[in-house]
Amino acid sequence: QVQLVESGGALVQPGGSLRLSCAASGSISSISGMGWYRQAPGKQRELVASIRSGGLANYVDSVRGRFTISRDNAKNTVFLQMNSLKPEDTAVYYCNAAIQPTYSGAYRTYWGPGTQVTVSS
């Protein structure tokens, strides 16, 4: 089956940097858009950044200029480089992707289990 697994979450001081990775594996025919969401306790999940297969990216205003999303299509992997981290960036970060399985002609969304990012001094 198709799976997404995030890695790279950690405790970091304000102003620090982290790079998150998410690798898709399993019976994959193709991957369209990929993205990163985050959810802080008591808050709604929000889209942080997304990237199309051709590399076109978009960001939520609060991270634009600080975060960079990228992908390696050959490895079915999406990255999120996070710089100048702030305490308000603290959240569980989830990987998301629109994937067409080999056994289906339709795309569906898949989610990783999440990775914790904590920004604190």
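Arginine 38 counts as buried, since its relative accessibility is 6% and the limit for a buried residue is under 20%. This value, like the others reported here, was computed from a predicted model. The side chain of arginine 38 takes part in a salt bridge with glutamate 46, with a distance of 2.7 Å from N to O. Glutamate 46 has a relative accessibility of 28% and therefore counts as partly exposed. The side chain of arginine 38 also meets that of aspartate 89 in a salt bridge, here at 3.0 Å, N to O. Arginine 38 belongs to strand β4, whereas aspartate 89 is placed in the loop between β8 and β9, so the pair ties together parts of the chain that are 51 residues apart in sequence.

Aspartate 89 is itself buried, with a relative accessible area of 1%. Its side chain forms a further salt bridge, to arginine 66, at 2.8 Å from N to O. This pair again links distant parts of the chain: arginine 66 lies in the loop between β6 (57–59) and β7, 23 residues from aspartate 89 in the loop between β8 and β9. Arginine 66 is buried, with a relative accessible area of 11%. Through these contacts, Arg38, Glu46, Arg66 and Asp89 are linked in a network of salt bridges. The structure as a whole holds four salt bridges.

The largest nonpolar core comprises 31 residues, of which Trp36, Leu80, Met82, Tyr93 and Ile99 touch the most other members. At least two residues of this core come from each of the strands β3 (18–25), β4 (28–39), β5 (46–51), β7 (67–72), β8 (77–82), β9 (91–101) and β11 (115–119). The greatest contribution is that of β9, which gives five residues to this core. With residues up to four places away in sequence left out, methionine 82 touches Gly16, Ser17, Leu18 and Leu20, as well as Arg66, Phe67, Tyr93 and Val117.

Strand β9 is mostly covered, with nine of its eleven residues buried. Pairing was found between β9 and β4, β11 and β10. Strands β4 and β9 run antiparallel and are joined by nine bridges. Within this pairing, serine 30 has glutamine 100 of β9 as its bridge partner. Strands β9 and β11 are likewise antiparallel, with three bridges between them. Here the bridge partner of tyrosine 93 is threonine 115 in β11; tyrosine 93 is also one of the core residues that touch the most other members.

Four bridges join β9 to strand β10 (residues 108–111), and these two strands run antiparallel. They form a hairpin in which six residues lie between the strands. Isoleucine 99, also among the core residues that touch the most other members, stands opposite arginine 108 in β10. Arginine 108 in turn lies over the face of tyrosine 110, at 4.1 Å from the ring centre. As for pairs of aromatic rings, a search of the whole structure finds one.

Proline 14 is located in the loop between β2 (11–12) and β3. Its relative accessible area is 41%, and it therefore counts as partly exposed. Proline 14 is 104 residues from threonine 118 in sequence, but their C-alpha atoms are 9.4 Å apart in space. When neighbours within four places in sequence are set aside, proline 14 is in contact with Leu85 and Pro87, and with Val119, Ser120 and Ser121.

Key: Residues are numbered from 1 along each chain as its sequence is written. This is a predicted model: local features need pLDDT of at least 70, side-chain atom pairs count only at pLDDT 80 or more; totals for chains, interfaces and linings use all residues. Side-chain values use heavy atoms; hydrogens and water are left out. A nonpolar core is a set of buried Ala, Val, Leu, Ile, Met, Phe, Trp, Tyr and Cys residues joined through side-chain atoms within 4.5 Å. Buried means under 20% relative accessible area, exposed over 50%, partly exposed in between (1.4 Å probe, protein chains only). Contact means heavy atoms within 4.5 Å. Rings of Phe, Tyr and Trp (its six-membered ring) pair if their centres lie within 6.5 Å; planes under 30 degrees apart count as stacked, over 60 as edge-to-face and the rest as tilted. A charge sits over a ring if NZ of Lys or CZ of Arg is within 6 Å of the ring centre and within 35 degrees of the ring normal. Two strands pair if DSSP finds at least two bridges between them.
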